[in-house]
Amino acid sequence: MAGATTTTTTTAAATSAAATMKLHFSPKSPYVRKVMVCAHELGLVPRLELVRSVAAMLVPNPAIMADNPLSKIPTLVLADGRTLFDSVVICEYLDALGGGRLFPREDDAKWQALRWHALGDGLLDLSILWRNERERQVPLPALLEAFERKARACLALLDGEADALVQAPFSIGHVTLGCALGYLDYRFDALGWRALAPRLAAWQAGLARRPSFIATEPVDG
Ligand SMILES: N[C@@H](CCC(=O)N[C@@H](CS)C(=O)NCC(=O)O)C(=O)O
């Protein structure tokens, strides 16, 4: 009896694993880019139906909210209707489907990858808030200054870890840092981050040549 249950479960899992998933998507979102880089790395792009969804902090989008009350992208809808968010949860789900290469299991590599992921996500979070503040009619100078100080501190820390980034196996940490630096290129050209972190820039130049990063360059429109 137990065996029959296991077989049914496995078959159901295999069926749903092969089905198409809907991804609330924008080609400009760095968090969506994390998911898409993982999908490219894992060979899962054909399994994703990309639905262009506009997510804006001031304008909750009912079409996204039907799947995610936070009205944020990325949001993934599985074939059986279950939904997944936010980006790191979706990335880990795809990694489990695609062979488990991007979320290392063994202690040292795991904590290193998750730490870099957190740093990349934190840099992204502050960059988005920084851009929002910058676009306001009357930005708060102290806030702009604080965001810039934190961004520079992240870059300085990562510049000192460039060798470790080269040596570590490619992971969610590399994906997220690459997307955060790509976002600086896209929205904060004037910061000139490469001059602030030249060793990190050398590492990023190699990363940017990966097909997964080339295919997911942010585009307007
Ligand atoms: N922590 C979330 C952040 C996602 C996020 O903030 N996405 C932006 C688009 S780049 C968004 O949906 N913003 C709409 C909003 O904040 O209401 C994740 O990693 O998925």
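1. The structure holds 10 salt bridges, a salt bridge being a side-chain nitrogen of Lys or Arg within 4 Å of a carboxyl oxygen of Asp or Glu. Side chains of opposite charge can pair when their charged atoms come close. Please keep in mind that this is a predicted model, in which local features need pLDDT of at least 70 and side-chain atom pairs count only at pLDDT 80 or more, while totals for chains, interfaces and linings use all residues. Residues are numbered from 1 along each chain as its sequence is written, and side-chain values use heavy atoms, with hydrogens and water left out.

2. One of these salt bridges joins Asp67 to Lys22, with 3.4 Å between the closest N and O atoms. Asp67 lies in the loop between α3 (62–65) and β3 (75–77) and Lys22 in strand β1 (residues 21–25), so the pair ties together parts that are 45 residues apart in sequence. Helices (H or I, at least four residues) and strands (E, at least two) are DSSP runs, numbered from the N terminus.

3. For Ser87, a side-chain N or O atom is 2.6 Å from an oxygen atom of the ligand. The protein covers 84% of the 500 Å² of accessible area that the ligand has on its own, as computed by the Shrake-Rupley method with a 1.4 Å probe.

4. Some residues around the ligand also deserve a look at their backbone. The peptide bond from Ile73 to Pro74 is cis, with omega near 5°, and the bond from Phe85 to Asp86 is cis as well, with omega near 0°. Ser71, found in the loop between α3 and β3, has a positive phi near 55° although it is not glycine. Most residues other than glycine have a negative phi, and most peptide bonds are trans.

Methods: A polar contact is a pair of N or O atoms within 3.5 Å; within protein, one must be able to donate a hydrogen and the other to accept it, and residues adjacent in sequence count only if both atoms are side-chain atoms.
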